[in-house]
Amino acid sequence: MSAGRPPLTVIVPTFNEESTLRDCLDSVRFADEILVVDSYSSDATVAIARELGARVLQHEYVYSAKQKNWSIPQATHEWVLLVDSDERVTPELRDEILALLASGPRHDGYWILRANHFLGRRIRRCGWGTDKVIRLFRRDVARYEDREVHAEIDLPGPLPVLRHPLEHRSFRSFGQYWRKLQIYSEWGAAQLYKDGRKAGALQIFGRPVTRFFKMYVVRLGFLEGLHGLVLSMLGAFTVYLKYARLWEMHVLKGATGITPQVEADGLQAQEQIGRMVDEERRPRHDRAPGHTARPGQPARPR
């Protein structure tokens, strides 16, 4: 399978992903090894992974970066592609990765764009259209920053961007996503409370309005039609829930009422949701905007 190129390991972190895992693993069958790192799922995730020929390891989840940094050294091969269970590698991206490996990669890692879908539609605005992640990298030199949320691979220097995106289908229905939103707002409010933050009228009203304005107007969400309107309002509502919950915690003097399951799942929800609908985005140590690299070509200097 890897004749003429370095072999590739695909790593897929999972926790109760039975509804998305099969399609994800089908999309990465071209890899020489598929490694599923599971956080002790209680559904059929592990059975599906083994059925499809993946190597399965289980490791307790603390937060995303720590889980991935534990997973990376477990890969058999030097080159690693990391894919979440709600992502799909398209045939075009597959061919680009294989051609890059066959040509002899000149960098230790590569950015990959993400085509983010909301209720069946790819969203190019609302702040979603510029999303990219470092997901193809050398096992022995690439590690995630030690951050609880929104961590990125820490590699020096500008890195090329692959031409074809990952398909990312994190929001498939309100029923599927509502639990994550609840966990996110609960955990986010609890973290703000621990940090000594307070919520008044400015935060409870002003921050959601600001979030809506940024997504719908500044980031041109209105050009997405009703999808953009609903998504922008959802972003505002998520911010509202977080600060309303923080206000309640102070009214009740810290009696947060967060269940153990919410506490356990909070960081995972923050990682999955925050990048999409949170108030802010972490600054990226990016390369020059707009440049994509052909397989085997070095990045342009800044």
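Predicted model: local features only at pLDDT ≥ 70, side-chain atom pairs only at ≥ 80, totals over all residues.
## A walk through the chain

Threonine 20 touches Ser85, Asp86, Arg88 and Arg172, leaving aside residues up to four places away in sequence. Find threonine 20 in the loop between strand S1 (8–14) and helix H1 (21–27). Is threonine 20 buried or exposed? Its relative accessible area is 2%. Buried means under 20%, so threonine 20 counts as buried. Now look for aspartate 84. Threonine 20 and aspartate 84 are 64 residues apart in sequence. In space, their C-alpha atoms are 9.6 Å apart.

Step back to the whole chain. The chain has 302 residues, and 53% of them count as buried. Its secondary structure comes to eight helices and nine strands. How do contacts relate to sequence? Take the contacts between residues at least 6 apart in sequence. Of these, 76% join residues at least 24 apart.

Next, turn to the helices. Helix H6 covers residues 201–218, and helix H7 covers residues 226–251. They pack at an angle of about 160°, and their axes lie 8 Å apart. An angle over 145 degrees counts as roughly antiparallel, so H6 is roughly antiparallel to H7. The crossing of H6 and H7 is right-handed. Which residues of H6 make the contact? On that side, they are Gln203, Ile204, Arg207, Pro208, Arg211, Phe212, Met215 and Tyr216. H7 brings residues that include Leu229, Met233, Val239, Tyr240 and Trp247. Glycines of H7 take part too, among them Gly228 and Gly235. By class, this contact has 14 nonpolar, four polar and two charged residues.

Follow the chain from H6 towards H7. Leucine 220 sits in the loop between H6 and H7. Its phi is positive, at about 60°, although leucine 220 is not a glycine. Its relative accessibility is 37%, so leucine 220 counts as partly exposed.

H7 has another partner. Helix H5 (residues 174–194) packs against H7 at an angle of about 40°, with the axes 8 Å apart. From H5, the contact includes Phe174, Trp178, Leu181, Tyr184 and Tyr193. From H7, it includes Val230, Leu234, Phe237, Leu241 and Met249. Charged residues join in as well, among them Glu186 of H5 and Lys242 of H7. The count by class is 15 nonpolar, four polar and three charged residues.

End at one more loop. Cysteine 126 lies between strand S7 (121–122) and strand S8 (132–138). What is its phi? The phi of cysteine 126 is near 65°, a positive value in a residue other than glycine. Is cysteine 126 buried or exposed? The relative accessible area of cysteine 126 is 1%, so this residue counts as buried.

Definitions and conventions. Residues numbered from 1 in each chain as written. Heavy atoms only, no water. Helix = DSSP H or I, 4+ residues; strand = E, 2+ residues; numbered from the N terminus. Buried < 20%, exposed > 50% of the residue type's maximum accessible area, 1.4 Å probe, protein only. Contact = heavy atoms within 4.5 Å. Axes fitted to C-alpha atoms, helices over the stretch in contact; angles between N-to-C directions. Parallel < 35°, antiparallel > 145°, perpendicular 65-115°, else oblique. Left-handed = near helix turned anticlockwise from the far one by under 90°.
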